[in-house]
Amino acid sequence: MALIIAGERSGVGKTTVTLTLLSCLSRHGLHVQSFKVGPDYIDPMFHQHVTGRACRNLDPVLTSENYVKECFAHYSNLCEYSLIEGVMGLFDGVKIETNDYFASTAHIAKLLNLPVLLVVDCSRLSGSVAAIVHGYRSFDQQVNIAGVILNRVGSDRHLSLLKNSLAPLQIPIFGVLKRQDNITISDRHLGLIPTAELPELNELINQLVNLGESCFDWEKLLPLLRWGDKGTRGLGDKGTRRQGDKGTRGLGDKGTRGQGDKGTRGLGDKGTRGQGDKGTRGLGDKGTRGQGDKEMRGWRDYLSSSIKIAVAYDKAFNFYYQDNLDLLQSLGAELVFWSPLEDTQLPKDIKGMYFGGGFPEVFAQKLAENTPIRNAVKAAILSGIPTIAECGGLMYLCEQIVDMTGKPWEMLGILPTTAVMDKRLTLGYRRVVALEDSLLVDKGTKIYGHEFHRSRLISDSNKPLFQTYRFDCDEFMGKEGWVLPFNLHASYIHMHWGNSIEIPQRFIEKSRIFSLQLS
């Protein structure tokens, strides 16, 4: 039916346990679909490295409860086994009127009606483990904690004490992981180091496979991991809609395979509504009037053709939701992946550019030294090519990036400001309201997004893109983002488009208009 791996708090080993399970299943040739609760980009990279299949984020803040249900059902139905990695502690979420822990692992467990395995860090306790497990199991009776995984167990004697303490609870123990000082995943200022920077990752995965063969009770685990009808109960329910919830548009059946995705059909049929109607609103009216018959010639053939979008993808820029890439493809985009670190020229015939987040501050010197591509990208943006730049992408467009050591590095100079690395972490869900018409949204549009960065800009835009608030209250967080030139969307706000298909539709529309202007 599928399982959710949850922790009693952050740092207890959820990711290690999840990767161990995924590695063992994949090594035995079993097809498994993984999911990650929340907005995280890095953990899904590890999932995909192991399974060869794009991990999908389940985040009802960035999308909706309905979208989470349909996304999970759609991709789980493509595989024999499904596994969800939770976020933070089991009940860590955001409080709203209808839910005290909205978007938490517990919320997703109840929404999808799936059992939970609770990972407990046993390194500094013995008899107290029963109080912890009992508290989590009794806190919300609607959350089905099917069993526990005991992590960082010190010795056989330690394990005996833990088992004796848990015995009165009669809760199944699905796995025991002894302390593994030789198995570590390196991290830095924003969490784990991404997979592309870990040459020793395959060796680590082999260690996890060897560990997983002996530390889990596979006879109990496999029936729960196998996807079937039991796990679909409630998936057709409407769920709790928050204000601004647009439903589950965007999920479908088209085979839009993403980068590194081995056979997971992408988001398609439902999400492509509007490519011939809503998605082309304004073509021939907005910005192309008065150019005679040239623009009218071959409209039908033109609108059905693909349009090349350059996606920056390397060690510096790799924070993308696979659903966003799939939506672009389903709307007619041909995604061309390229590297601002390694390439000296842009891909040919592109009509739009997409810079996701990542770690440009770590690779600032190499980005600065690649003068040919910096000049090419700057020239392309100034020529009017529609460009999305999220977080790390925004930093790349600044005049300079000042790295963690305080050293400045020259960037594109599109935005008249400098991105400076800071010790303070900016983190959290945001409710944002567009202050101007822009590449992606109309003035007044409300969007739910997420911020996660340790950089700040030394000066703000004279014409900011968004007015931002905390998601769970009306606390004003400031104005941010850049809309000048008009073809640019540059913001620290990460967006998932699964519940807002009009955003990628608009991007594709603007890219087609730009293509017409060149012809």
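Strands S2 (residues 32-37) and S4 (residues 81-89) run parallel and are joined by five bridges. Keep in mind that this is a predicted model. Around that pair there's a seven-stranded open sheet, plus a helix, H3, lying across part of the sheet and a contact between helices H1 and H2.

**The sheet**
- Going across the sheet, the strands come in the order S3-S2-S4-S1-S7-S8-S9, and the pairing is parallel.
- The edges are taken by strand S3 (56-58) and strand S9 (173-178), each of which pairs on one side only.
- On average, neighbouring strands are turned by 25° against each other, if you ignore direction.

**A helix across the strands**
- Helix H3 (residues 65-76) lies across S2, S3 and S4.
- Relative to S2, H3 runs at about 160°.

**H1 against H2**
- Helix H1 (residues 14-27) and helix H2 (residues 42-51) have axes that come within 9 Å and cross at roughly 15°.
- Because angles under 35 degrees count as roughly parallel, H1 is roughly parallel to H2.
- The crossing of H1 past H2 is right-handed.
- On the H1 side, the contact is made by Thr 15, Thr 18, Leu 19, Leu 22, Ser 23 and Ser 26.
- H2 brings Asp 43, Phe 46, His 47, Val 50 and Thr 51 to that contact.
- Sorted by type, the residues of this H1 and H2 contact come out as four nonpolar, six polar and one charged.

Technical notes: Residues are numbered from 1 along each chain as its sequence is written. This is a predicted model: local features need pLDDT of at least 70, side-chain atom pairs count only at pLDDT 80 or more; totals for chains, interfaces and linings use all residues. Side-chain values use heavy atoms; hydrogens and water are left out. Axes are lines fitted to C-alpha atoms, for helices over the stretch in contact, and angles run from 0 to 180 degrees between N-to-C directions. Helices (H or I, at least four residues) and strands (E, at least two) are DSSP runs, numbered from the N terminus. Angles under 35 degrees count as roughly parallel, over 145 as roughly antiparallel, 65 to 115 as roughly perpendicular and the rest as oblique. A crossing is left-handed if the near helix is turned anticlockwise from the far one by less than a right angle, and right-handed if clockwise. Contact means heavy atoms within 4.5 Å. Ala, Val, Leu, Ile, Met, Phe, Trp, Tyr, Cys and Pro count as nonpolar, Asp, Glu, Lys and Arg as charged, and the others, Gly among them, as polar. Two strands pair if DSSP finds at least two bridges between them.
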